[in-house]
Amino acid sequence: MTKKIFRSIVLVAASVLLASLVIILSCFYDYFARLQKQQLKDELYLAAASVEESGVLYLQNLSSESFRLTLVAKNGSVIYDTAVDAKTLEDHTDREEIKEAFETGRGESVRYSSTMLEKTIYCAKRLSDGSVLRISVNRATVGAIALGMVSPVIAVGIGALILSGVLANRLSKRIVAPLNQLDLEHPLENDSYEELSPLLSRINKQRAQISDQLSELRYKTEEFEQITDNMKEGLVLIDRSENVVSINPAAKKIFSATDDCTGKSFLTVDRSRDFNAAIKSAFENGHSEIRSQKDGRTYQFDISRIDSEECSFGAVILAFDITEHENSEKARREFTANVSHELKTPLQGIIGSAELIENGLVKQEDMPRFVGHIRTEAQRLVNLVNDIIRLSQLDEGVSLPKERVDLLAVAKEAARDLDAAAADKKVSLSVEGESVFVDGIKRLLYEIVYNLGENAVKYNVENGNVVISVAAKDKNAVLTVSDSGIGIAPEHQNRIFERFYRVDKSHSKASGGTGLGLSIVKHAVLQHGGKTEVESEPGKGTVIRVILPFAAK
């Protein structure tokens, strides 16, 4: 702005200077022209009076470098000329000033010489004898004067421009200084040019609007960050060039990304070909999905294009952890397959024995054995169906009434029901401990104790022992079932609570179990807010510990 003001002031000064020179030159030129013309007339009158008195002799004795006098006879011939020989001059009858003087007594004219850049002024007066005396003087034209004044004009112009430049520089700085000192943070508090008041008022109004918009934007941004930072799902925003615009902590953890990935290409976050192909597909089709493994977890990535007014601004990537869902689906498929297998086995035994009896292929003395086999397989089928129903109820989280239960009393009841099985296996079964009360479902607590005790008896050795103990520890009820049985290898200990999982399938089948007992224990304990612990060593027995919270007093 300072430069513009400076240039404007210099330009105005130069224009004013040039205009002033032209006007002054014109005025002075006109003034001196009138003055010179009047002087020329006075000289003519004096010369005419002298010629009237002395004749040509006056002209011959006259010496002047400024004026030229010419005496013309009545017939137009030149009698005498102070500048040149009269004989060399032609007839002057047609001269405008001579002709006018013959007619009216006085005559004037001006003739220009473009080559000499000057003009000649003529004044003529008729004498008493009828002749005409003419006086003339050469005068420079405006152009000639201008050419003659080039050097001084240039000198004056340069001086004026330098002076105007210095003054313009100072003046422009003084004009701009208050503008540079404006406090735009507080527009209405400025005491500068009055003409700026409307502008400062508008700036103040716009600043207030911008401040409100920034506050709202800041609030929205903070709200967005609070929401995205607390999301369990990963969220990544990318622009049209696939650069990361925003990424929440969950997404950083999923992709193992650093904090400085914002603003960089998404390739710095994930370089997999399938993922990049999914992003390109989303930009082309509007949406795409992909599943991928990250650090042992399974994630589903939903990629959606962000459109506005038929223009794509980028895409949003949402990452969902579907590991549990995948595991549940896998468990469901395995459970379905196992149930089908487990149901088919006793049914095939029953159908096979029944067909043999039906076709008369069983001897009379073998009949009780085949009937007993049918009954055993039918009971096994009933037990399996009951376990499946019970497990389904636990999976569905069926709400059952809770009560204050003495865990020691439940343990003793389950032990009594296992006495016959323990005696058949020649295993010693005992219950010890103290009465500890928990808030729970008595039937499920009984199932926990019974299934753990039944497994301890089944997988024990002859003349072994099983001890069921109940104790209070750290505000929790602790149920411990320990045995001196075959034990469990370390690689199987984390899987014994899975449905239909058997460490020794041949032994389990011989024991007649359904493979669902420990899975029922696991779900029943979880429903009571407890946890299970396993300690075992092959050949030295197993200890399974169930920890449940105390009953509220």
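Modeller: Helices α12 and α15 pack at an angle of about 145°, with their axes 9 Å apart. The axes are lines fitted to C-alpha atoms, for helices over the stretch in contact, and angles run from 0 to 180 degrees between N-to-C directions. Helices (H or I, at least four residues) and strands (E, at least two) are DSSP runs, numbered from the N terminus. This is a predicted model, in which local features need pLDDT of at least 70 and side-chain atom pairs count only at pLDDT 80 or more, while totals for chains, interfaces and linings use all residues. Residues are numbered from 1 along each chain as its sequence is written, and side-chain values use heavy atoms, with hydrogens and water left out.

The crossing of α12 past α15 is left-handed, meaning that the near helix is turned anticlockwise from the far one by less than a right angle (clockwise would be right-handed). On the α12 side, the residues that meet α15 are Leu 444, Glu 447, Ile 448, Asn 451, Leu 452 and Asn 455. Their partners in α15 are Gly 517, Leu 518, Ile 520, Val 521, Ala 524, Val 525 and Gln 527. Contact here means heavy atoms within 4.5 Å.

His 528 comes next, in the loop between α15 and β16 (531–537). His 528 counts as buried because its relative accessibility is 7%; buried means under 20% relative accessible area, exposed over 50%, and partly exposed in between (1.4 Å probe, protein chains only). Leaving aside neighbours within four places in sequence, His 528 is in contact with Asp 439, Gly 440, Ile 441, Leu 444, Leu 445, Leu 548 and Pro 549. Leu 444 is one of the α12 residues that meet α15.

In soluble globular proteins, nonpolar side chains tend to be buried together.

Not counting residues up to four places away in sequence, Leu 479 touches Leu 407, Ile 448, Val 449, Ile 468, Ser 469, Val 470, Ile 544, Arg 545 and Val 546. Ile 448 is also among the α12 residues that meet α15.

Lys 426, in the loop between α11 and β12 (428–433), has a positive phi near 60° although Lys 426 is a residue other than glycine.

As for the whole, the protein has 15 helices and 17 strands. Of its 553 residues, 34% count as buried. Among contacts with a separation of 6 or more, residues 24 or more positions apart account for 55%.
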